Amino acid sequence: VAYASSSSPAVNTAEAGVVVPATMKAWAYDDYGDASVLRLDEAVAVPAVGEDQVLVRVAAAALNPVDSKRRAGKFKATDSPLPTVPGYDVAGVVVKIGSKVKSIKEGDEVYGNINEKALEGPKQSGSLAEYTAVEEKLLALKPKNLDFAQAAGLPLAIETAHEGLERAGFSAGKSILVLGGAGGVGSLAIQLAKHVFGASKVAATASTPKLELLKSLGADVAIDYTKENFDEQPEKYDVVFDAVGNKLSLAAERPTKQQTPSASPDNASSFWGSGQGEKAVKVVKEGGSVVVLTGAVTPPGFRFVVTSDGSVLQKLNPYLESGKVKPLVDTKGPFAFSQTVEAFSYLETGRATGKVIISPI
Ligand SMILES: NC(=O)C1=CN([C@@H]2O[C@H](COP(=O)(O)OP(=O)(O)OC[C@H]3O[C@@H](n4cnc5c(N)ncnc54)[C@H](OP(=O)(O)O)[C@@H]3O)[C@@H](O)[C@H]2O)C=CC1
Ligand SMILES: CC[C@H]1OC(C)=C(O)C1=O
């Protein structure tokens, strides 16, 4: 199947000893729907490389909720044309560079989120493939101490955590409550707040089995949301970061699950949380802000959509290479490339601890 490419078709030829095939294996879908629309295509055209792009031989990819929401057609109005090869996060080796590429060379080990604007025309040919083409400005050199699977899980989640903290004006000496501290974004929001921004206090929520994990990431206080409601605590915070987000209902709309102390995560298992933004405003200090990633938002809450930026990864690389900030890979993975549907099904339970990784590819 040929995929439209944003650049003039380039002939994939042998360059500098690297043989780039004309076709590749990739996961794709022709229609919107649940994970059953995914198919493994053995002969997808290797994407052409624009003058400002590089071609990456994919070693690992990470799944994000936006992949599932996009496949469900939630953003079809601004999506690129079908068929789609999904996947935002990539880690791999550069095998071809465009004529205007300056800071990356063939053989470099890189990582990044391949879609500058997550919902506005995401690439038709994504990272769940043997090759993907991506703008140099969206990539950074992989941290030397991380393997490809660990690196692949960082870009979109760490860029979201970083952008949310920046937009909230978070800074040293401030306090923060992270809702959903065990997730891809939440686990990085805790670490960045504590170890990069210099938080005076970090509190976070998760279910019972994950409380010690929150502490290990840097949380001073771990709140078990199955036993207590964070919005009934007396403490108030300079920033509340809602990294739980909203549910993904592929089926007909269901009533929003109200979080109650007796609720167990299993009751919410098919949801990405139930949008905690409204309750978050009850525990934010006067003049503080609430970071909302999806769903309803009321002031002092704000919502944003992550922008991919290789320079943010570059800036955070020292924290990653020193071990101050660590990737969290869900131990059910990494999933084999052939197990991508199973991996999406697991992600869509809303119970992933850190990132769901596909590797090797
Ligand atoms: N606006 C934007 O640009 C972006 C938006 N998002 C959105 O943010 C949300 C989170 O994304 P991501 O981190 O990748 O999601 P994940 O799939 O990684 O989140 C899974 C985690 O959520 C936790 N969780 C679920 N419900 C609750 C709850 N009620 N309270 C506390 N923790 C809970 C689970 O912990 P447990 O098992 O203990 O419940 C689990 O560890 C999604 O809705 C996503 O679409 C993400 C990135 C960018
Ligand atoms: C509405 C926010 C949307 O954008 C991303 C990247 C998600 O995961 C979303 O839900």
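Two strands are taken to pair if DSSP finds at least two bridges between them. Helices (H or I, at least four residues) and strands (E, at least two) are DSSP runs, numbered from the N terminus. The structure is a predicted model, in which local features need pLDDT of at least 70 and side-chain atom pairs count only at pLDDT 80 or more, whereas totals for chains, interfaces and linings use all residues. Residues are numbered from 1 along each chain as its sequence is written, chains are lettered from A and ligands numbered from 1 in the order in which they are written, and side-chain values use heavy atoms, with hydrogens and water left out.

The protein chain contains eight helices and 14 strands. Of its 361 residues, 57% are buried, where buried means under 20% relative accessible area, exposed over 50%, and partly exposed in between (1.4 Å probe, protein chains only). The accessible surface of the protein chain comes to about 14,100 Å², and carbon and sulfur atoms account for 54% of that surface. Accessible areas come from the Shrake-Rupley method with a 1.4 Å probe, and for residues only the protein chains shown count as cover. Contact means heavy atoms within 4.5 Å. Among contacts between residues at least 6 apart in sequence, 75% join residues at least 24 apart.

Strand S5 (residues 109-113) pairs with two other strands. With strand S4 (residues 89-97), S5 forms five bridges in the antiparallel sense, and Val93 stands opposite Glu109 in S5. With strand S7 (residues 139-141), S5 is joined by three bridges, again antiparallel, and here Val110 stands opposite Leu141 in S7. Four of the five residues of S5 are buried, so this strand is largely enclosed by the rest of the structure.

A residue is near a molecule or strand if one of its heavy atoms lies within 4 Å of it.

An N or O atom in the side chain of Lys210 is 2.8 Å from an oxygen atom of ligand 1. Polar backbone atoms also take part: that of Val185 is 2.9 Å from an oxygen atom of ligand 1, and that of Ala182 is 3.4 Å from an oxygen atom of ligand 1. The protein covers 96% of the 930 Å² of accessible area that ligand 1 has on its own.

Around ligand 2 are Val66, Lys69, Ala118, Leu119, Leu293 and Thr294. Four of the shell residues are nonpolar, one is polar and one is charged. A polar side-chain atom of Lys69 lies 2.8 Å from an oxygen atom of ligand 2. On its own, ligand 2 has 300 Å² of accessible area, of which the protein covers 83%.

Several loop residues were also examined. Thr78 is placed in the loop between H1 and S4 and is partly exposed, with a relative accessible area of 37%. Not counting residues up to four places away in sequence, Thr78 touches Leu119, Glu120, Gly121 and Pro122. The side chain of Thr78 reaches the backbone oxygen of Leu119 at 2.6 Å. Pro83 is likewise found in the loop between H1 and S4, and the peptide bond from Leu82 to Pro83 is cis, with omega near -5°. Another cis peptide bond runs from Ser359 to Pro360, with omega near 5°; Pro360 lies in the segment after strand S14 (356-358).

Val37 occupies the loop between strand S1 (23-28) and strand S2 (39-45). At 23% relative accessibility, Val37 counts as partly exposed. Leaving aside neighbours within four places in sequence, Val37 is in contact with Ala28, Tyr29, Asp31, Tyr32 and Arg71.

Technical notes:
Polar contact = N/O pair within 3.5 Å; in protein donor to acceptor, adjacent residues only side chain to side chain. Nonpolar A, V, L, I, M, F, W, Y, C, P; charged D, E, K, R; others polar.
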